[in-house]
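Dear colleague,

Please find below the structure that I am handing over to you, with its sequence. My findings follow it.

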Amino acid sequence: MKKELGRNEPCHCGSGKKYKNCHMGKESSGINNNKNLMYIAIFVVILAIAGFSVYYNSQQTAPVNTNSSRQGLTPPPAGEAPPGKVWSAEHGHWHDK
């Protein structure tokens, strides 16, 4: 059976100091270090997931091809152009020449 040391008893390490001034706070610090490591690990995992998500989403978008017809442009209506007019695909209506 291990005897629990009191705060003001001599430290078990033989330093001559009181237990409260020598090893009292150091014995429980291993738990705090493990908690800090756990928090760091969780933070790293969250950053990794966020980074992978950004990378994955950037790979899913189609590359823009500037040589092909541009998206959002309206094709001209069927038939002949009115006299003195040209079709504006960007605006979706006829303009004066």
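Accessible areas were computed by the Shrake-Rupley method with a 1.4 Å probe, and for residues only the protein chains shown count as cover. The accessible surface of the chain comes to about 8,700 Å², and carbon and sulfur atoms hold 58% of that surface.

The model is a predicted one, in which local features need pLDDT of at least 70 and side-chain atom pairs count only at pLDDT 80 or more, while totals for chains, interfaces and linings use all residues. Numbering starts from 1 along each chain as its sequence is written, and side-chain values use heavy atoms, with hydrogens and water left out.

Overall architecture

The chain contains two helices and two strands, where helices (H or I, at least four residues) and strands (E, at least two) are DSSP runs numbered from the N terminus. Along the sequence their order gives the pattern α-α-β-β. Of the 97 residues in the chain, 4% are buried; buried stands for under 20% relative accessible area, exposed for over 50%, and partly exposed for what lies in between (1.4 Å probe, protein chains only). A contact is defined as heavy atoms within 4.5 Å. Among the contacts in the chain with a separation of 6 or more, 0% are between residues 24 or more positions apart.

The segment before H1, and H1

Cys11 belongs to the segment before H1 and is buried, its relative accessible area being 8%. Apart from neighbours within four places in sequence, Cys11 has contacts with Lys17, Lys18, Tyr19, Cys22 and His23. Cys11 and Cys22 are eleven residues apart along the chain, and their C-alpha atoms are separated by 6.6 Å.

Ser15 is also placed in the segment before H1 and counts as partly exposed at 39% relative accessibility. A polar atom of the Ser15 side chain lies 3.3 Å from the backbone nitrogen of Lys17.

Helix H1 covers residues 19-22 and includes Asn21. Asn21 is exposed, at a relative accessible area of 53%. Between Asn21 and Asn8, 13 residues apart in sequence, the C-alpha to C-alpha distance is 8.7 Å.

Phe43 is part of helix H2, residues 29-60. Is Phe43 buried or exposed? Its relative accessible area is 52%, so Phe43 counts as exposed. Together with Leu37, Ile40, Val44 and Leu47, Phe43 forms a nonpolar patch on the surface, with about 520 Å² of accessible area in total. Patches are made of residues with over 30% relative accessible area and no salt bridge; like charges are joined within 9 Å, and nonpolar side chains (Val, Leu, Ile, Met, Phe, Trp, Tyr) within 5 Å.

The hairpin of E1 and E2

Strand E1 and strand E2 (residues 93-96) run antiparallel and are joined by four bridges; two strands are taken to pair if DSSP finds at least two bridges between them. Four residues lie between the strands of this hairpin, in which Gly92 takes a positive phi near 80°. Trp87 is found opposite Trp94 in E2, and Lys85 has Asp96 in E2 as its bridge partner.

Asp96 and Lys85 also form a salt bridge, with their closest N and O atoms 2.7 Å apart. This pair links distant parts of the chain, as Asp96 is in strand E2 and Lys85 in strand E1, eleven residues apart. The criterion for a salt bridge is a side-chain nitrogen of Lys or Arg within 4 Å of a carboxyl oxygen of Asp or Glu, and by this rule the count is one. Side chains of opposite charge can pair when their charged atoms come close. Asp96 counts as exposed at 57% relative accessibility, whereas Lys85 is partly exposed at 30%.

Ser88 is located in strand E1, residues 85-88. With a relative accessibility of 11%, Ser88 counts as buried. The side chains of Ser88 and His91 are joined by a polar contact of 3.0 Å (a pair of N or O atoms within 3.5 Å; within protein, one must be able to donate a hydrogen and the other to accept it, and residues adjacent in sequence count only if both atoms are side-chain atoms). Leaving aside neighbours within four places in sequence, Ser88 has contacts with His93 and His95.

Yours sincerely
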